[in-house]
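Take a look at the protein below. This report walks through the model part by part.

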Amino acid sequence: MKSYWRGISSLVLVLALALVAACAPRAETGAGVTGIVVLPSLERCLYVGDGATLSFDGQRLDWTCESPVGLPRGLLGAPEIGFAADVRWRLVATERPAVGGGFVIGREEIIEARAEALVLETGETCRFAGEGATLAFELGRVNFTCGEEVVVVGDLRADARGLLAVRGTLVRADDDDSFTLVDAQPVRVTTVTLE
């Protein structure tokens, strides 16, 4: 009889946590920007702001990179997300022709890399959890760990202001080794390191 009541109380706890998570305030998904992008070459690209910037093919050059040599470089347009933490971005070098008008794209390459580390707008630093077995929930698998209890679940998302992640907290059940994900909500990635 004791195990019956323990099972009922565990079910009530899980349902209460789900209700709290469903009623929790959600972060506005358009808030903030991904201010720093660290490329696999360790080159840092910084968000230029919402004002005037160069534009090519209808896409803004929103991140300028600290190019060690050569033409000024930057990230053009919004990133694209592949599987889980795989990010694809257009990296272009701009130049101004000797004759004629404004800037043109001198060189272009596609950066395809995995996000290995994230800094969230909430202040946590998160590391990629690897490709092996990990916890999974309705929102997706745990792709990043941000300490003992905080995780990023599911695939990263992208918009014109950079990257978004779904941040949640793991709660361990008292009577076994199962976990529940609570307070899952979208947050802006303020810094991403690609490898």
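## Confidence

This is a predicted model. Start with residues 1-30, where pLDDT stays under 50. For that stretch the model has 22 contacts beyond four places in sequence. Helix α1, residues 2-23, has a mean pLDDT of 34, the lowest among the elements of the protein chain. Strand β1, residues 36-38, has the highest, at 97.

Now take the whole protein chain. Its mean pLDDT is 81. A value of 70 or more is reached by 82% of its residues.

## Overall build

The protein chain has 1 helix and 13 strands. Their order is simple to read.

How much of the protein chain is buried? Buried residues make up 37% of its 195 residues. The chain exposes about 10700 Å², and carbon and sulfur atoms supply 56% of that area. Residues 24 or more positions apart account for 46% of them.

## The nonpolar cores

The largest nonpolar core has 29 residues. Which residues have the most contacts inside it? They are V37, L75, A115, L118, L120, F144 and L194. Several strands give two or more residues to this core, including β2 (44-47), β4 (59-65), β6 (86-95) and β13 (179-194). Strand β7 gives the most, with 5 residues.

Leaving out residues up to four places away in sequence, V37 touches E43, R44, C45, W63, L75, W89, V192 and L194. Another core lies apart from the largest one. This other core has 7 residues, among them V151, V153, L181 and A184.

## Pairing around β4

Strand β4 has several partners. With β2, it pairs in the antiparallel sense over 3 bridges. Here Y47 stands opposite W63 in β4. Strands β4 and β5 (residues 73-81) also run antiparallel, joined by 4 bridges.

Strand β3 covers residues 55-56 and pairs with β4 in the antiparallel sense over 2 bridges. R60 in β4 is the bridge partner of S55. Together, β3 and β4 form a hairpin with 2 residues between them.

## Two positive phi angles

D57 lies in the loop between β3 and β4. Its phi is near 55 degrees, a positive value in a residue other than glycine. Is D57 buried or exposed? D57 counts as exposed because its relative accessibility is 64%, and the cut-off for exposed is over 50%.

A84 lies in another part of the chain, in the loop between β5 and β6. A84 is not a glycine either, yet its phi is positive, about 60 degrees. A84 has a relative accessible area of 3%, so A84 is buried. The cut-off for buried is under 20%.

## A look at R127

R127 lies in strand β8. Which residues does R127 touch, not counting residues up to four places away in sequence? They are E116, A117, N143, F144 and T145. Look at A117 in that list. R127 and A117 are 10 residues apart along the chain. Their C-alpha atoms are separated by 4.6 Å.

Key:
Residues numbered from 1 in each chain as written. Predicted model: local features only at pLDDT ≥ 70, side-chain atom pairs only at ≥ 80, totals over all residues. Heavy atoms only, no water. Buried < 20%, exposed > 50% of the residue type's maximum accessible area, 1.4 Å probe, protein only. Contact = heavy atoms within 4.5 Å. Areas by Shrake-Rupley, 256 points an atom, 1.4 Å probe, with all protein chains shown as cover. Core = buried A, V, L, I, M, F, W, Y, C linked by side-chain atoms within 4.5 Å. Pairing = 2+ DSSP bridges. pLDDT = per-residue confidence, 0-100.
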